[in-house]
Amino acid sequence: MKFGGSVLDSSPKIKTLVNIVNSFKNLEGKDNEIVCVISAISGVTDKIIMLSELIMKGKRSAIKTFIDEMTSLHVDLIDNTIIDPKLQTEAKNVILDVLKEFQAILEGLVLISEITPRSLDHMLSFGERLAAPIVSYSLRNNNLDSDFLTGKEIGIVTDSNFGEARPLMNTTKFRVNSKLIPLILEGKIPVITGYIAADQHGYITTLGRSGSDYTATIIASCINADEVYLWSDVDGLLTAEPLIVKDAQVLDEISYSEAAEMVLFGAKYIHPRALEPVMDSNIPLKIRNAFNLSHPGTTITQNLRISNNIIKSIIAIRNTALIDVSGGGMVGSPGTAANIFDTLAKNKVNIMMISQGPSESSISMVLRKDDLGKAITSLELKLLGKVIKHLNVLEDVSIVTVVGSGMRGIKGIAGRVFSSIAKEDVNVIMIAQGSSELNLAFVVRDDDCEKAVRSLYKEFNLDKPS
């Protein structure tokens, strides 16, 4: 069970977490074995990132302000959640020791006013390190035996790609099993920090934002869990963005492949790589709302369920821009695309969508609007006037994606999609569809995005998911 930061930011919410664990432990009269994975308390990771920017400016006074705020936040949670005086004192001592260590590291970093990717990962690990002991002691306070450990201590080993580390699964499986199985056999409920791991040299790494989901599925795969629960404050994956479509419905069941498409195209609530470990192990993944236990949530499984709905979800990715590069010299010239993408990759620009016609005279790319400046600069400096002759930019576009296994092999889906939005006078700028036929993505002006989504929602009857 992974619990997100929105389930941890108040005493009543932590008590809800404890009740969920307790009820599932005794579900159907069984003594079920549970492992908890914990995110940082909501907002803490963002505050650490903001602090890192102040440290790089040499602002030493920001450290005390931050430590005082973190101390107040976490100690207040302990005071209001853990009743047993002995457990309360122990929990406070653990938290204060972690904060003391954190402050010492911050004081060292501010002296050189420099933060490397490695030191930033070390800083970011403290959010989860402060949350996990509180949850563990809260479980003990309710007569549930528990230990807390970091992802590093539990044995998750990654490469050294700080900020977006990937697990070395064979090594991780051996180490996690040897550490975790004995705890479970002792009847303990391990509470593990999400997001955090370590490379082979023992340096702390992180798995990317929302990486606690990934931690949970990595551990589930290692110990061959029966199922994984991702607990947050949402009922499940939706048929559309609720800010655009007010009556967006919760999907009760989808396949791994459909979920992967949704996540890669921007659906929230799951880490983009979190599906990989459970897909390989065929472990069901459930997205549930900790504050609405009557709702069954969304179950993600191996099987493609027969559905009346061809389309399962419509996803809109906003704040994007389109770059079109062209030139006669690109035609029939091997390595042109490689040059363009290599130039952008070296400047850490991620390309979200690509389209190239058979004439080879132009390539269109969609990227995050935040990356537009460095993308244009890098292409102009390295390739403009050489490999490419023209560079055109279209700001304020959106990617609209329809996802569903029901599209596979069905004729006329693209016709229905584009006829539907044409009726709303929406112009399509760019189109891409993968050979899997699980998704069809196209680009429109951002002003037309909401019209396009609502039109497709109505066309494919997504107000009645089945």
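**View 1. Helix H8 gives the most residues to the lining of the second largest pocket, four in number.** The model is predicted, with local features needing pLDDT of at least 70 and side-chain atom pairs pLDDT 80 or more, while totals for chains, interfaces and linings use all residues. Residues are numbered from 1 along each chain as its sequence is written, and side-chain values use heavy atoms, without hydrogens and water. A pocket is an open set of points on a 1 Å grid over the protein atoms alone, where a 1.4 Å probe fits, with protein on both sides within 12 Å along at least five of seven lines; its lining residues have an atom within 4 Å of a point. The second largest pocket holds about 610 Å³ of space, a volume being the space filled by probe spheres set on the points. Its lining has 23 residues, and Glu33, Ile34, Ala225, Asp226 and Glu227 lie nearest the centre. Helix H7 (169-185), helix H8 (211-223) and strand S8 (228-232) are the elements that give two or more residues to this lining. Helices (H or I, at least four residues) and strands (E, at least two) are DSSP runs, numbered from the N terminus. By class, the lining has 15 nonpolar, two polar and six charged residues. Nonpolar means Ala, Val, Leu, Ile, Met, Phe, Trp, Tyr, Cys and Pro; charged means Asp, Glu, Lys and Arg; the others, Gly among them, are polar.

**View 2. The axes of H7 and H8 cross at roughly 80 degrees and come within 8 Å.** H7 is therefore roughly perpendicular to H8 (angles of 65 to 115 degrees; under 35 counts as roughly parallel). Axes are lines fitted to C-alpha atoms over the stretch in contact, and angles run from 0 to 180 degrees between N-to-C directions. The contact of H7 with H8 has nine nonpolar residues, three polar and one charged.

**View 3. Helix H3 (residues 61-81) and helix H5 (residues 117-141) have axes that come within 11 Å and cross at roughly 5 degrees.** This makes H3 roughly parallel to H5. His74, Leu77, Ile78 and Thr81 of H3 meet Leu130, Ile134, Ser138 and Asn141 of H5. Four of the contact residues are nonpolar, four are polar and none is charged.

**View 4. A salt bridge joins Lys2 and Asp213, with the closest N and O atoms 2.9 Å apart.** Lys2 lies in strand S1 (residues 2-3) and Asp213 in helix H8, so the pair ties together parts 211 residues apart in sequence. A salt bridge is a side-chain nitrogen of Lys or Arg within 4 Å of a carboxyl oxygen of Asp or Glu. The count by this rule is 25 salt bridges.

Terms used:
Parallel < 35°, antiparallel > 145°, perpendicular 65-115°, else oblique. Contact = heavy atoms within 4.5 Å.
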